[in-house]
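I opened a new notebook page for this structure.

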Amino acid sequence: MDFLRPDTLAEALAHKAGRPDAVPIAGGTDVMVELNFDHRRPAALLDLTRIAELRTWDEDDGAVRIGAAVPYARIIEELGGRLPGLAMASRTVGSPQIRNRGTVGGNLGAASPAGDTHPVLLAAGASVEAASTRGTRLIPATDFYLGVKRHALEPDELITAVHVPVTRAPQQFSKVGTRNAMVIAVCSFAVALHPAEHRVGAAVGSAAPTPRRASAAEEFLSAELTSTNQWESPEPLLDSVKRRFGDLVAEAASPIDDVRGSAAYRKHALSVLARRTLGWAWQDYAGKVA
Amino acid sequence: MSLTPADLTSAVAGGIGASPQRPDGNLKVRGEFAYASDLWHEDMIWGATLRSPHPYARIVSVDLTEALKVPGVHAVLTHEDVPGQNRYGLEHRDQPVLAEDVVRYQGEPVALVGADHPETALRALKRIKVEYDVLTPVVDMETAADERPLHPAGNVVRHVPIRRGDQRAEAEVVVTGRYEVGMQDQAFLGPESGLAVPDEEGGVDLYIATQWLHVDQAQVAVALGLPLERVRLTLSGVGGAFGGREDLSMQVHACLLALRTGKPTKMVYNREESFYGHVHRHPAVLYYEHGADRTGRLVYVKARIFLDGGAYASSTSAVVANAATLGVGPYDVDNVTVDCWGVYTNNPPCGAMRGFGAVQAAFAYESQMDRLAEALGMDPVDVRIVNAMSEGSVMPTGQVVDSAAPVAQLLKLVKDKPMPPLPAAVDLRDMPGGVSNTTHGEGVVRGVGYAVGIKNICFSEGFDDYSTARVRLQVINGEPAASAHTAAAEVGQGLVTIMQQIVRTELGVERVTILPMDTGIGNGGSTSASRQTYVTGGAVRAACAAVREKLVKLAGGRAPVDLVDLLGDDVIDETVEWRHRATERIDPVTGQGNAHVQYGFAAHRAVVDVDVELGLVKVVELDCAQDVGKALNPQAVLGQIQGGSAQGLGLAVMEEIQLADGKVRNPSFTDYLIPTVLDMPPMSIDVLELADPHAPYGVRGVGEPPTISSTPAIVAAIRAATGLALTRVPVRPEHITGT
Ligand SMILES: Cc1cc2nc3c(=O)[nH]c(=O)nc-3n(C[C@H](O)[C@H](O)[C@H](O)COP(=O)(O)OP(=O)(O)OC[C@H]3O[C@@H](n4cnc5c(N)ncnc54)[C@H](O)[C@@H]3O)c2cc1C
C-alpha cells in the first residue's frame, strides 16, 4: 500500500488525478477502522492532514466555508455561534477523542446514512465544495448523497470544504441512540428555521438509504407559518401543527429493521424528535423576535 | 515468656484494611503496562484462525493447497495436525481444538495459519477452501432437548431438579411470569492474546492472558499429547476477564503452530474475532410461580429455567446448578420446586460470566417479588423483608446458611438513603438520551426500583477448590523483604495488591514482591466465583504463618528481636496448599446437599428517568449495600461494587449479543454497547463487614453479588416509571414505546 503525503492541495489533486483509487484519509476515524478490520485494503492512502488550507475556515458572503479537514472539536469551539445546528450535531459525534480527529469532510466522504452532520447540512442548505485538477464545483447537499455510503464525487475529486449559511435563526439537531453518549444514530433529525425566506428546513438521518430532506414536512410547516403570519409575529405553535409536522417527518423516512432498532420505532421516534425540536426552535425564535 | 508467631508481626503501612496503591497502577494509568497483546519475541510468526461462517454444517472437504503457496506462510493446520486428543472443555471434553467433520457454531475454528506477518496469515486464510454442507441449526433452548442431537448424549447438558417441602402446597395469592435474559458478553477490553515459544526438547512455554493457568495447562497438554511438565504457562498482562477467559481460546492453537514450525508464535484476536473467540453469558427463559399468604409470606416457589449453553458444554453444568440452587433468591421458602436445564444449541457457546447463573435467576425472582407486592398491595421492599433470609436460614437445598445473611438490613440501608432531587435545570448529561439532545424534560418520568440478590462464593458441589502459595522471607540490602508466588491470575481485580497487603500484615514486612504467576508452582485455582481473595488470600496467609513458625524456631524461644538480626543470611521459604471447607454434590433427584461454601448478598436501589415517548433511560442513581465480611482493601471493594453494578446496568438497558438463526448480528463495540460514564451514575455504597468465621479474615467474596441485584433493580425502576410489565432484558426502546 502506498502512502501519499501531499503538502498542498494542488499536489493532492494531482495525486488523486493520477491515482483515482487512492483513498483519502483525514481524521482516519472511519478509514482506520476499515483497515483494522480488514474490510478494505486500498492500493494507496492519500493523507490530507498536512494540507493547511483544508484545516482552516473563513466567513464570506453570508456563509462559512469550513475546510474539509477541520475537526469537530474546532467546529464546536469556534463556530457554535454562527452555525448552531452543525455545532450541535458535532457535539453528539463519538467521544472527545473522535471529535478531536474526525472531520465533516470525512463524514461526507463516508456518506453513511447514520452520519451525524448530514441532516444538519441538508436542513441548513449547505453545499459541498469538490475539487479536482479539472476545477472546483459546489454540490448542494441535497444532491450529494446517492445511496448507502455512495456520494456524488467523481473519482478524481476531493472534498475541499463545506459551505454552510451563517444564521442567527434557531437550528436543532437530535439523535436517538441506545446509550447516552458515543452512540451511532438509530435515527436522527435536524430542523433549521429560515425566517428571511419564510422557510423551514428539515431532514432525517439513519432512516433511509441516504440522509434525506423531509420535503412534505418542510412545505407543510413553511406554508402554515407563512399563512398565519407567524414569521413576523410568532405565536406558540399549536399541538396539532407540531404533530402534523412530526407525522410528515416520519413519512419521509423509509427505514429498515436492524440491530440498532426496528423500522417502526425509527418512524415513531422521528415523529417525536421532529415535534420536540420544532418546539424548541420555535420557542427560541419567538423569544428572539419578541 | 515464650515467643508466639503473633509476636513476630509489627504493624507496617499498606497491610490489610488499607488501600495501598496497586503495584501495576502507575504503569496502567500511563499506558505502559504490557498486556498480552504487547507480547513480542524475536523471530516470531503470527497465527490466525479460519472460522466457520455457519452455525451448523458438515465439513465436506478442506483444501489447503492455495494457502500453502502464499509466500511467508510457515504452516497451515487442521484437526489432523492435533497430535494429542482433539477435545477440550472445562467440565466435559466435548469441544474440538479444530473442527473435524462438523461445525456446531458460527465462528468455530476450522484451520490455522502461521505466517511471518499477520497480513500474510490473513491472506492465506482466505485461500483455504472449505466446502460445507449447511444444516438447519438448533437455536431454541426450550425445544432443543427434543431436536436433532448435536452431541452423542443428546442436547441436555444438565438438568438440576430441586425438591423441598410440600410439592403440592397452595397459597392465597399466586403470581406467575415468563422472563427472558438476552446473551450478555464479558466485553473485556484486552482481546484474547498469547505467545507460544517452543523449547529445544519438544515442549512449549505459553505466555497467555487467562483466568486459570493450571486448567489451561492440563487441557493444552492433552491436546498436544505432551506430559504436563512440557507445557509451561506464564500469565501475561490480562485486560479484564469476567468469566470470558476461563475456557481455552487460542492456547492450543498457538502451541500447535509453535511446535510445528519451531518458531515462537503469537496470536491476537481483533475485536470482532474476540466476540467469536470466547463464551458468553447464558441467555435464559424462566417460568416462575410464587405463592404467598395475605401477609406476603412466601408459601411456595416453582420455577422452570432454561439456559442456552450453545454448541459446547463449557461450564454449563455449574451454571445450571447455580441457577437452580439460588433460584428462589435470598428468601425463606419452605416449599420449592425448581427444574433447570442447560442445553446444547447451535448458538455461540456460553459459559462463565460474572454472576454465573445467579444473574439470570435473579432477574426472574426479583421481578416476581415486585409482582407479588403489587398483587398484595404491599411495598416492594416490605414484601422482600418479610421473606428475607438470615443467618440460620435453610436454602432450598437443605443447606443451613451458617454465617451472616443480612438481607433485610441491606434492603433497609438502600431504602433509607435520601432520594436524589429532580434536576433543577436542563443539563443534557442528566437526561435520558444524554448529549444526543432528545429531551429537555418532555416525556420524562421518574421511577424507583429495588432488588436484592444472592451468590455462592468459591467453587461448589464437592470441587476440590484450593490454592497454592509460596512465601519467601530474607534480608535484602539490610532490609527484610518478602516475596509471594502463586499461579492465581491477576486479571485486573487487584489480587496482586491483596497478596502484598496480606504478607505485610502477617510478616510485618513492608517490602513485598509479587512474583510472576506461572505453572512453576501448584494450582492457584480459577480467578472466578469471587474466590481469589478468599482462597489464594487464604493460601498466602497460611504460607506466611508457616514462615512465622520457622522464625519462631529460629528465635529459639528468645524474646522478640529485630527481624534483620534474627534472619541474618537465612532464607525462609514456605509453600502451602490451602483449601476451604469441603462441599458436596447435590442429590440428582432432590437437589439436596451442602453445595456451597459461602453466600454473598447485595441490594440495590435504582432511580431512573425514562423518556416514555422515546423509550430512552437515564439511570439517575444506583445505590448499593453489600456485606463483604471484611474489606481487605476498601477501595478495591468499592471498585468491584461499582464495576459489578455497571455490568448489571449494561444487561438491564443495552448489552446483548443479538442472534439470528445462530448468527451473531453485532460482533463489534459499534453495536454491542456497554455503559459509558454518562450511563453509569456515581454510586453511594454502604459496605458491611460482618465477618464470616469460616473464612480467612472473615472475608466474603465481593465481585459478583453487585452484578446480580443491579439489573432487576433498574428494570423495576423502569417498570415503576412506565407501568409496563417488561419481562425481558436488556430493555430496548421498542419495549417501552411498543413499536
Ligand atoms: C468510536 C467512533 C465513534 C464514532 N461516532 C460517530 C458518531 O457519533 N457520529 C458520526 O457521524 N460518526 C461517528 N463515527 C464515524 C467517524 O468518526 C465520522 O464519520 C467522521 O466524521 C469521519 O471523519 P474522519 O476525518 O475521521 O474521516 P476519515 O476516516 O479520514 O475518512 C472517512 C471517509 O471519507 C473519505 N474522505 C475523507 N476526507 C475526504 C476528502 N477531503 N475528500 C474526499 N473524501 C474524503 C475517506 O476516504 C473515507 O472514505 C465514529 C467513529 C468511531 C471510530
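I looked for disulfides over all chains of this predicted model and counted 0. A disulfide is a covalent bond between the sulfur atoms of two cysteines, so I checked how far apart such atoms lie. For C340(B), the closest cysteine sulfur is that of C350(B), 13 Å away, which is too far for a bond. A disulfide would need the two sulfur atoms within 2.5 Å.

I then looked up burial. C340(B) is buried, at 0% relative accessible area. C187(A) is buried too, with a relative accessible area of 0%.

Next I turned to the domains of chain A. The assignment gives domain 1 as 49-165 and domain 2 as 171-289. I noted 24 residues of domain 1 of chain A and 25 residues of domain 2 of chain A in the contact. The C-alpha centres of these two domains of chain A are 21 Å apart.

How much area do domain 1 of chain A and domain 2 of chain A bury between them? I found about 1,800 Å², with 67% of it on carbon and sulfur atoms. On the side of domain 1 of chain A, 28% of the buried area comes from P113(A), P119(A) and A123(A), more than from any other three residues.

I also checked polar links across this interface of chain A. The rule finds 1 salt bridge there and 5 residue pairs in polar contact. Helix 4 (84-91), helix 7 (117-124) and strand 8 (145-147) of chain A each give at least two residues to the side of domain 1 that touches domain 2. Helix 7 of chain A has the largest share of that side, 6 residues.

Last, I looked up D116(A), which forms a salt bridge with K175(A), their closest N and O atoms being 2.6 Å apart.

Key:
Residues numbered from 1 in each chain as written. Chains lettered and ligands numbered in written order. Predicted model: local features only at pLDDT ≥ 70, side-chain atom pairs only at ≥ 80, totals over all residues. Heavy atoms only, no water. Buried < 20%, exposed > 50% of the residue type's maximum accessible area, 1.4 Å probe, protein only. Domains from an automatic or database assignment. Contact = heavy atoms within 4.5 Å. Buried area = accessible area lost by both parts, 1.4 Å probe. Salt bridge = Lys/Arg side-chain N within 4 Å of Asp/Glu carboxyl O. Polar contact = N/O pair within 3.5 Å; in protein donor to acceptor, adjacent residues only side chain to side chain. Helix = DSSP H or I, 4+ residues; strand = E, 2+ residues; numbered from the N terminus.
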